[in-house]
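Trainee: I have a new model open and would like to work through it with you.

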Amino acid sequence: MNIVVVLLAAAAVLFVAYFSYGTLLARLFKLDAKTVTPAVELQDDVDYVPIEPKFLLGQHFSAIAAAGPIVGPIVAGVMFGWAPALLWIIIGSIFVGGVHDFSTLVASIRHKAHSITEVVKEYMTKRAFLLFLVFIWLTLVYIIVAFTDITSSSFVGLVSLESGETVKGGAIASSSLMYLALPILMGLLMKYGKLSLLWATVIFLPLVGVAIWAGKYIPFSVDDIVLRMGLASDPVSAQRLGIKIWDVLLLMYCYLAALVPMWMLLQPRGHLGGFFLYAALLGGGLGLILSGAPVKYPAFVSANSGTIFPMLFILIACGACSGFHAIVSSGTTSKQLKRETDAKVIGYGAMLLEALVAVVALCCVIMLAQDNTLIKKPPNFIYANGISRFLGVFGIPAGFGISFGLLAFTTFVYDTLDVCTRLGRYII
């Protein structure tokens with residue numbers, strides 16, 4: 001069977017679900033465009049900032065997606081085969097995750113955009129509320145720690161491609177740092193230079209591509225610096241120390257990003273990141289379709305079938321159903337929703353988009369034979385390799401494709417890291 005069949009069938013089901021089941025949910029929630037949302041009523045240009053849905057969708061999408069719909073489906077696909085993973089992604093996103101995200105967003109905007117923790121306070125005892133609050137806060141800390149470490153590992157070492165070409169982790173780090181600087185400059189120019197959003201997009205979106213291209217020429221390799229300074233005796237220990245250094249730097253970024261006004265970083269980065277991630281999804285999807293690659297990985301891996309419950313549903317949370325989405329929907333997103341009716345495309349539509357990201361990530365496994373050495377690599381490199389091969393159909397060099405895939409992965413994570421920290425601030 002051709003891998004295209006898997007992707008197109010999944011996309012068709014998700015498309016139909018949005019216009020059928022999503023419309024039914026919107027009718028049941030009685031969304032009204034005339035109702036004044038908290039973002040408009042309480043606008044303060046720091047946390048409460050109403051924006052159009054086409055911009056909020058990209059920001060919300062990149063915040064909820066993170067590494068989850070990439071790492072989870074790849075790990076689950078390798079462990080159990082692609083069929084169980086695909087079924088849970090499709091069924092879970094439509095009937096569980098989408099409903100969960102949509103209803104949480106609606107509940108929040110009807111409670112002055114309060115976090116879900118504050119919403120449930122009205123319906124729980126004080127003790128239960130405090131326990132729930134602590135649980136949510138610890139969950140946010142856990143997400144920050146886990147995703148920080150995953151991102152840091154992409155910034156060190158060397159990735160060797162099948163073509164013999166190599167991509168340095170320092171190149172990914174440089175591209176990543178340039179990517180972070182762009183939205184800050186964009187936000188400042190829009191706020192104080194009166195630059196329109198259209199011209200800001202025209203100017204800064206191509207610069208994201210320039211950042212990917214330029215990274216390999218100015219690599220910021222912390223592990224190489226550590227080795228030259230004599231802080232490590234060999235490349236392996238230098239990489240380990242390099243990861244720890246990047247962990248600290250990323251946590252410092254999280255702290256600062258959670259304090260600055262939304263217009264300075266979160267909104268412009270969400271806007272640029274949204275386009276970038278749409279490009280990753282579209283480019284990867286089209287490349288996958290045009291590649292005509294056959295399905296090589298087994299649909300079921302019988303050796304692990306005994307542990308499919310509950311591990312499949314734990315591994316594939318983002319992409320099917322994730323409680324983290326409730327915190328994002330009721331934290332930053334509800335404070336930016338301009339109209340009640342926008343909740344359908346943001347709450348339900350973004351979840352189905354995330355499911356499509358999960359399917360593309362799963363296809364990066366499906367195209368590999370079970371004995372391929374790449375199967376044992378970390379999920380972010382399996383994903384980057386898959387995206388690189390898909391983009392290769394358009395004549396894009398493998399090195400650029402790997403950098404593009406890893407930066408797409410990192411972009412997802414960046415959005416989640418600082419959103420998590422801001423949400424933790426809200427809870428405190």
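Trainee: This is a predicted model. Is Met367 buried or exposed?
Mentor: Buried means under 20% relative accessible area. Met367 has a value of 5%. Met367 is therefore buried.

Trainee: Which residues is Met367 in contact with, leaving aside neighbours within four places in sequence?
Mentor: Take Lys296 to begin with. Lys296 is 71 residues from Met367 along the chain, yet their C-alpha atoms are separated by 5.4 Å. The contacts of Met367 are Ile3, Pro294, Lys296, Gly386, Arg389 and Phe390.

Trainee: On to charges. How many salt bridges are there?
Mentor: Side chains of opposite charge can pair when their charged atoms come close. The cut-off here is 4 Å from a Lys or Arg side-chain nitrogen to a carboxyl oxygen of Asp or Glu. By this rule the count is eight.

Trainee: How many residues apart in sequence are the parts tied together by Lys112 and Glu41?
Mentor: The two side chains form a salt bridge, N to O at 3.9 Å. Lys112 lies in the loop between helix H5 (82–109) and helix H6 (116–121), and Glu41 in helix H2 (residues 38–41), so the parts they tie together are 71 residues apart.

Trainee: Asp47 and Arg425 also meet in a salt bridge. Which of the two is buried, and which is partly exposed?
Mentor: Their N to O distance is 3.5 Å. The pair links distant parts of the chain, 378 residues apart: Asp47 is in the loop between H2 and helix H3 (53–65), and Arg425 in helix H17 (residues 398–427). The relative accessible area is 14% for Asp47 and 33% for Arg425. Asp47 is buried, and Arg425 is partly exposed.

Trainee: Which residue forms a salt bridge with Arg110?
Mentor: Arg110 lies in the loop between H5 and H6; its partner lies in the loop between helix H14 (324–333) and helix H15 (343–366), 230 residues away in sequence. Arg110 is partly exposed, at 40%. The closest N and O atoms are 3.3 Å apart, and the partner is Glu340.

Trainee: Now helix H7 (residues 126–154). How far apart are its end C-alpha atoms?
Mentor: The helix has 29 residues. At 1.5 Å a residue they should span 42 Å. The model agrees, with the ends 43 Å apart.

Trainee: What area does the nonpolar surface patch with Val210 have?
Mentor: Val210 is found in helix H9 (residues 197–214). Val210 is partly exposed, with a relative accessible area of 40%. The patch also includes Leu198, Trp199 and Trp213. Its area is about 940 Å².

Trainee: Last topic: cysteines. How many disulfides does the structure hold?
Mentor: A disulfide needs two cysteine sulfur atoms within 2.5 Å. For Cys254 the nearest cysteine sulfur, that of Cys420, is 8.3 Å away. For Cys318 the nearest is that of Cys321, at 9.5 Å. The number of disulfides is zero.

Trainee: Are Cys254 and Cys318 buried or exposed?
Mentor: The cut-off for buried is under 20%. Cys254 has a relative accessible area of 2%, and Cys318 has 10%. Cys254 is buried, and Cys318 also counts as buried.

Technical notes: Residues are numbered from 1 along each chain as its sequence is written. This is a predicted model: local features need pLDDT of at least 70, side-chain atom pairs count only at pLDDT 80 or more; totals for chains, interfaces and linings use all residues. Side-chain values use heavy atoms; hydrogens and water are left out. Helices (H or I, at least four residues) and strands (E, at least two) are DSSP runs, numbered from the N terminus. Buried means under 20% relative accessible area, exposed over 50%, partly exposed in between (1.4 Å probe, protein chains only). Patches are made of residues with over 30% relative accessible area and no salt bridge: like charges are joined within 9 Å, nonpolar side chains (Val, Leu, Ile, Met, Phe, Trp, Tyr) within 5 Å. Accessible areas come from the Shrake-Rupley method with a 1.4 Å probe; for residues, only the protein chains shown count as cover. The expected span of a helix is 1.5 Å times one less than its number of residues. Contact means heavy atoms within 4.5 Å.
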